[in-house]
Amino acid sequence: MLNIKIRGNYLWWSGANLLTGILLALLGWLLADMKPIFVMAIVLIPFGVFNFWFIKGTKSDEREVQIINMIFAKSGLVIFTVAWVSAAFGCPFGVYPILSVAFASRGVYGFRHFRED
């Protein structure tokens with residue numbers, strides 16, 4: 001098992017979200033003939049295990065919880081904007097673009113806000 005101290009280090013969380021978004025987009029494009037549930041399982045199961053391990057090892061203070069809530073709010077706005085622009089230009093909705101943007105935007109906003117501390 002890795003012996004990395006992660007307590008209170010949300011840069012790891014941000015990196016995992018960004019990597020998950022990139023992997024979903026990349027594997028969704030490369031494995032287009034595979035069923036989406038299998039592609040998502042390849043990426044989301046390791047992310048879920050990391051996220052569970054991270055949350056068990058982290059005792060968030062009130063400031064970190066507020067930043068996480070702000071990150072999820074801004075990420076939701078980015079997801080809504082991408083879905084609206086996709087619909088406006090007649091692009092078909094797919095699970096990969098929306099999930100990729102969701103995870104990647106959480107990672108980017110996380111790096112932005114947690115690096116400023």
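Colleague: What should I know about the numbers before we start?

Modeller: This is a predicted model, so local features need pLDDT of at least 70 and side-chain atom pairs count only at pLDDT 80 or more, while totals for chains, interfaces and linings use all residues. Residues are numbered from 1 along each chain as its sequence is written, and side-chain values use heavy atoms, with hydrogens and water left out.

Colleague: Thanks! How many helices and strands does the chain have?

Modeller: There are 4 helices and 0 strands, and from the N terminus the order is α-α-α-α. Helices (H or I, at least four residues) and strands (E, at least two) are DSSP runs, numbered from the N terminus.

Colleague: And what share of the residues counts as buried?

Modeller: Of the 117 residues, 31% are buried. Buried means under 20% relative accessible area, exposed over 50%, and partly exposed in between, with a 1.4 Å probe and protein chains only.

Colleague: What about contacts between residues at least 6 apart in sequence? How many of those join residues at least 24 apart?

Modeller: That would be 80% of them. Contact means heavy atoms within 4.5 Å.

Colleague: Let's go to the packing. How do α1 and α4 sit against each other?

Modeller: The axes of α1 (residues 10-30) and α4 come within 7 Å and cross at roughly 155 degrees, and the two helices are therefore roughly antiparallel. Axes here are lines fitted to C-alpha atoms, for helices over the stretch in contact, and angles run from 0 to 180 degrees between N-to-C directions. Angles under 35 degrees count as roughly parallel, over 145 as roughly antiparallel, 65 to 115 as roughly perpendicular and the rest as oblique.

Colleague: Which hand is the crossing of α1 and α4, left or right?

Modeller: α1 passes α4 in a left-handed crossing. A crossing is left-handed if the near helix is turned anticlockwise from the far one by less than a right angle, and right-handed if clockwise. Among the residues making the contact are W13, N17 and L24 of α1 and F103, G107 and F111 of α4. By class, the contact of α1 with α4 has 13 nonpolar, 9 polar and 2 charged residues. For those classes, Ala, Val, Leu, Ile, Met, Phe, Trp, Tyr, Cys and Pro count as nonpolar, Asp, Glu, Lys and Arg as charged, and the others, Gly among them, as polar.

Colleague: You mentioned N17. Is that one buried or exposed?

Modeller: N17 lies in α1 and counts as buried, because its relative accessibility is 0%. Leaving aside its neighbours within four places in sequence, N17 is in contact with F47, F103, A104, R106 and G107.

Colleague: And W29, buried or exposed?

Modeller: W29 is also in α1, but W29 counts as exposed, at 66% relative accessibility. From W29 to P97 the C-alpha distance is 9.8 Å, although they are 68 residues apart in sequence.

Colleague: Next pair: how are α3 and α4 arranged?

Modeller: α3 (residues 62-88) packs on α4 at about 140 degrees, with the axes 8 Å apart, and they are therefore oblique to each other. The crossing of α3 past α4 is right-handed. By class, the contact of α3 with α4 has 14 nonpolar, 4 polar and 4 charged residues.

Colleague: I'm curious about H113. What does its side chain touch?

Modeller: The H113 side chain makes a polar contact with the side chain of K74, at 3.3 Å. A polar contact is a pair of N or O atoms within 3.5 Å; within protein, one must be able to donate a hydrogen and the other to accept it, and residues adjacent in sequence count only if both atoms are side-chain atoms. H113 is in α4, which covers residues 95-115, and is buried, with a relative accessible area of 8%. Apart from neighbours within four places in sequence, H113 is in contact with I67, M70, I71 and K74.

Colleague: Last pair, then. How do α2 and α4 run?

Modeller: The axes of α2 (residues 36-57) and α4 come within 11 Å and cross at roughly 15 degrees, which makes α2 roughly parallel to α4. Their crossing is left-handed. In this pair, P36, V39, M40, L44 and F47 of α2 meet V95, Y96, L99 and F103 of α4. By class, that contact has 9 nonpolar, no polar and no charged residues.

Colleague: Where does V39 lie, and what is it in contact with?

Modeller: V39 lies in α2 and is buried, with a relative accessible area of 0%. Beyond its neighbours within four places in sequence, V39 is in contact with L27, G28, L31, M34 and Y96.
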